[in-house]
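Welcome! Have a look at the sequence and the 3D structure below, and turn the model around a few times before reading on.

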Amino acid sequence: MRTLKFLFAGIVLFAVSTTATAQLGSSIGIKGGMNYSTVTKGDFEQGPDPRVGYHIGLVGEIGLVPKILSLQPEALYSRQGFEYDNVLGNRMQYKLDYINFPILAKLYLFKGLSLEAGPQFGLKISEKVDYKGENNTPPQENNYNNFDTALAAGLSFNFPGGVFLTGRYTQSLNEVIKDSDAKNKVFQAGIGFKF
């Protein structure tokens with residue numbers, strides 16, 4: 001029930017933001033791209049390996065100071081996770097999917113190029129662990145936090161006509177696996193279009 005309330009609150013937030021966007025004459029669009037995700041070492045014996053995934057979703061931009069500063073709310077489906085070889089030689093792939101809601105301040109440095117930074121709130125919608133090995137039992141599922149609070153920062157370049165390219169780094173503030181001290185970290189590269 002808490003998960004549904006969180007998802008509903010995110011959808012309402014995005015809807016309100018996009019309504020304000022339309023009223024202010026700003027923009028709304030779509031974006032997608034590649035994720036290169038892993039977690040901080042935490043309590044793992046050695047550093048986990050990355051998982052390559054993708055993200056796709058909606059993006060809005062609400063002008064605050066014309067051509068200088070705007071607010072950029074987003075709603076993104078994001079495939080994240082990591083891979084790990086434990087000390088017994090078993091290979092595990094952690095597949096964690098989220099609906100993320102970044103709310104970013106966007107500062108235009110010069111024409112087309114902008115710096116964006118702000119908080120991101122995530123809701124885990126699925127988890128799966130693929131396990132290869134015979135020397136141990138697979139890790140428990142349902143051992144992952146349902147919510148992910150993070151900080152995000154990146155750059156975007158906007159081309160005439162609405163096309164834009166973006167690169168971003170996101171670092172979680174809370175642990176992804178309970179009692180592990182391991183936190184999500186995700187590099188994203190994407191392309192989008194604003195109407």
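This briefing goes through the barrel, the pocket and the salt bridges.

This is a predicted model, in which local features need pLDDT of at least 70 and side-chain atom pairs count only at pLDDT 80 or more, while totals for chains, interfaces and linings use all residues. Residues are numbered from 1 along each chain as its sequence is written, and side-chain values use heavy atoms, with hydrogens and water left out.

**The barrel**

- Eight strands close into a barrel in the order β1-β2-β3-β4-β5-β6-β7-β8, with antiparallel pairing. Strands here are DSSP runs of E with at least two residues, numbered from the N terminus, and two of them pair if DSSP finds at least two bridges between them.
- Neighbouring strands of this sheet are turned by 25 degrees against each other on average, direction ignored; the axes behind such angles are lines fitted to C-alpha atoms, and angles run from 0 to 180 degrees between N-to-C directions.
- Strands β3 and β4 run antiparallel and are joined by 15 bridges.
- Opposite R91 in β4 stands D85.

**The largest pocket**

- The volume of the largest pocket is about 540 Å³. On a 1 Å grid over the protein atoms alone, a pocket is an open set of points where a 1.4 Å probe fits, with protein on both sides within 12 Å along at least five of seven lines; lining residues have an atom within 4 Å of a point. Grid points are joined across faces, edges and corners, and the volume is the space filled by probe spheres set on the points.
- β2 (49-65), β3 (69-85), β4 (91-110) and β6 (147-158) each supply at least two residues of the lining, and β2 gives the largest share, three residues.

**Salt bridges**

- The model has 14 salt bridges, each a side-chain nitrogen of Lys or Arg within 4 Å of a carboxyl oxygen of Asp or Glu.
- K194 and E61 meet in one of them (2.4 Å, N to O). K194 lies in strand β8 (residues 184-194) and E61 in strand β2, so the pair ties together parts that are 133 residues apart in sequence.
- Both K194 and E61 are buried, that is, under 20% relative accessible area, where exposed is over 50% and partly exposed in between (1.4 Å probe, protein chains only).
- R168 and E74 form another salt bridge, with their closest N and O atoms 2.8 Å apart, and both residues are buried.
- Salt bridges that share partners join K31, E74, E116 and R168 into one network.

Note on methods
Helix = DSSP H or I, 4+ residues; strand = E, 2+ residues; numbered from the N terminus.
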